[in-house]
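I am opening my notebook to record what I looked up in this structure, entry by entry.

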Amino acid sequence: MMNTPASHSLPVVAGIGLRAPHYAEVLERRPPLGWIEVHSENFFGGGAPLHTLLQVAQQYPVSLHGVGMGLASPDPLDPGHLRELRQLCDAVNPSSVSEHLCWNTAGGIAINDLLPFPYTRDALSHVAARVRQVQDVLGHQILIENLSYYVAFNNSEMREEEFLTELVARTGCGLLFDVNNIYVNTVNLGVDAKAFVHGIPAAAVGEYHLAGASMMGGCLVDTHSARVFDEVWALYEYTLQHIGKRPTLIEWDVDIPALAVLQGEAQKAQHRMDAP
Amino acid sequence: MNNWDETLAHFSAAIRTGAVLAPGALNCPHYAEERGIGVYRNNFRGNLHDTLASAYPVLRQLVGEDFFRLLAKRFIEQQASRSGNLHRYGGEMAEFLTHFENTQHLVYLPDMARLEWAYHRAYFADDVPSFDLPRLANIAPDAYAGLRWQLHPSCTLLTTAYPVAAIWQAHQEIEAADFNIDLLSGGDSLLVYRKDLSVDIVRIAPASLHWLAQLQQGTGMGDATETTSSAHPDFDVATTLQHWIAQGVLVNFLRPSP
Amino acid sequence: MSNTHNLLSAAIGSLLVMGLAGNVMAADMQTEKCFGVAKAGKNDCASNKSAHACAGQATMNGDPHDFVAVPKGTCDKLANGSTMPGGAMMKK
């Protein structure tokens with residue numbers, strides 16, 4: 001059960017994050033897009049959001065990308081949140097389901113963000129049990145995404161890639177490698193990006209993310225509000241060489257440009273994938 | 001595990017309340033630690049602010065964007081988020097506004113917040129299967145009075161003291177808005193629910209509201225009909241039942257437990 | 001109770017005979033609707049780009065504008081919009 005991928009997996013081409021400003025255009029024009037990804041929680045419940053997504057899912061492979069599960073939270077997983085994710089998966093039949101290696105809730109209080117934590121052996125057992133719990137409820141594998149973060153914890157006992165590698169071994173989960181996130185961590189915290197690429201198990205990687213960040217007050221903030229940086233393209237090329245081709249997403253969440261701009265960024269990723 | 005829990009609890013407090021972390025807890029080589037935590041503080045408040053702005057667009061227009069920022073800041077300080085899904089945040093706004101000093105003179109704001117939260121809830125409420133009329137044919141007439149009806153999960157019934165439906169409508173297309181609304185002209189009896197994918201705000205007869213409110217609380221159809229009829233002698237249960245089933249408001253019924 | 005029993009029997013009886021298509025709107029069922037707009041989902045995984053005045057301690061202290069701020073939006077346009085019912089002005 002653990003190693004079963006989501007019902008069918010994403011095509012190994014470039015896709016885009018689909019956000020509200022482009023719903024109408026995508027449904028009316030049906031432009032060529034390899035696949036689309038949405039944030040799972042925005043489609044919890046029914047009504048217009050779910051109806052829209054179901055129409056989109058008839059045309060394109062869909063990846064559900066969760067932002068609110070809080071896999072590493074000290075509090076128990078929210079059973080309602082899990083149930084809603086299961087309902088959404090049953091309705092949409094996604095090609096991939098992913099979550100972040102982060103936490104959001106302690107003592108009943110949620111911080112609606114992707115928060116880092118110390119990579120300790122205790123944390124690993126905790127997160128592994130919860131990844132198994134999510135995979136059991138969904139009945140298939142999920143991908144776990146590496147995080148961009150702005151401070152690191154001194155009491156970490158291992159690096160993020162070591163944590164992820166062990167998580168894969170313990171749970172059979174896959175990995176979503178966000179190339180931009182590693183670049184952000186390199187700039188802000190001196191993380192060794194190439195060591196990360198070589199440190200994670202290539203066979204477990206099921207998807208890449210690319211996005212653009214913003215330099216704000218001396219800190220590179222992961223705003224998903226710009227074109228992919230040249231340095232990130234270079235790291236993506238390095239990743240293609242050492243890990244291989246994977247479905248690749250252009251993420252853009254703030255100051256969202258015309259669909260054609262997103263398609264252009266996706267095309268750039270596709271060219272790199274197609275390069276000999 | 002305790003040490004780990006404690007680390008995260010302290011980090012949470014640093015983000016939410018500005019608490020200072022123990023020296024040496026964090027590694028932050030290229031800028032001040034406070035700068036790094038500042039990104040999380042900004043995300044924390046910004047995401048909740050943006051969520052409130054999305055849930056309360058008319059309230060925001062009524063008080064203006066700058067004032068709404070202050071109002072949201074105060075609300076966020078008092079009201080923790082309890083869910084990883086931001087769409088669940090902000091339901092206590094009406095209660096908050098009844099106590100918020102700077103808007104005490106805008107007496108209709110709590111009613112507006114109730115209406116906007118009902119709209120927001122309805123927008124994201126679950127879908128349910130439509131009413132199964134043939135199932136009703138299998139019920140013996142003796143059991144009718146004991147039937148407990150279920151409303152669509154998007155439904156909120158509201159009785160307001162001020163004419164907030166008109167104020168709300170005036171803010172949907174602000175250029176063509178009719179602001180000639182007398183605040184002292186009385187309140188509304190409203191049903192907010194989702195029909196055909198869009199959320200409707202509907203003025204309904206007080207008798208209908210009375211009856212539906214009791215059904216929503218789980219009162220059997222017999223008792224609900226009797227109390228509604230004594231408060232509203234013109235109440236017509238046949239028309240009302242048929243209407244709200246046809247409108248997708250009454251979606252199911254439960255037989256009385258034996 | 002027998003009157004209610006008869007009313008409910010008649011109500012459901014006609015519903016079963018006529019179905020929902022035959023729904024005749026009584027005068028008090030005629031409803032006036034208001035229409036709103038679509039909402040974009042608020043859950044995402046990007047960091048917030050706008051500055052939200054919370055870089056420092058920024059909780060209860062430190063913002064002198066808090067205590068003199070007044071709403072400046074469309075509330076000014078409503079008739080009787082800035083008075084308490086009965087005309088009492090805002091307490092200072």
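**Entry 1: two helices in chain A**

Which residues of the two helices meet? On the side of α2(A) I noted Leu50(A), Leu53(A), Leu54(A) and Ala57(A), which meet Leu88(A), Ala91(A) and Val92(A) of α3(A), where contact means heavy atoms within 4.5 Å. By class, this contact has seven nonpolar residues, no polar and no charged ones; Ala, Val, Leu, Ile, Met, Phe, Trp, Tyr, Cys and Pro count as nonpolar, Asp, Glu, Lys and Arg as charged, and the others, Gly among them, as polar.

**Entry 2: how I read the model**

I keep in mind that this is a predicted model, in which local features need pLDDT of at least 70 and side-chain atom pairs count only at pLDDT 80 or more, while totals for chains, interfaces and linings use all residues. Residues are numbered from 1 along each chain as its sequence is written, chains are lettered from A and ligands numbered from 1 in the order in which they are written, and side-chain values use heavy atoms, with hydrogens and water left out.

**Entry 3: chain B as a whole**

I noted that chain B has eleven helices and six strands, these being DSSP runs (H or I, at least four residues, for helices; E, at least two, for strands) numbered from the N terminus. Along its principal axes, the C-alpha trace of chain B spans about 75 × 55 × 30 Å. Buried residues (under 20% relative accessible area; exposed is over 50%, partly exposed in between, with a 1.4 Å probe and protein chains only) make up 58% of the 258 residues in chain B.

**Entry 4: two residues with positive phi**

Asp255(A) is not a glycine, yet it has a positive phi of about 50°; it lies in the loop between β13 (248-250) and α9 (259-274) of chain A. At 48% relative accessibility, Asp255(A) counts as partly exposed.

Leu197(B), also not a glycine, has a positive phi of about 80°, and I found it in the loop between β4 (189-195) and β5 (198-203) of chain B. With a relative accessible area of 35%, Leu197(B) is partly exposed.
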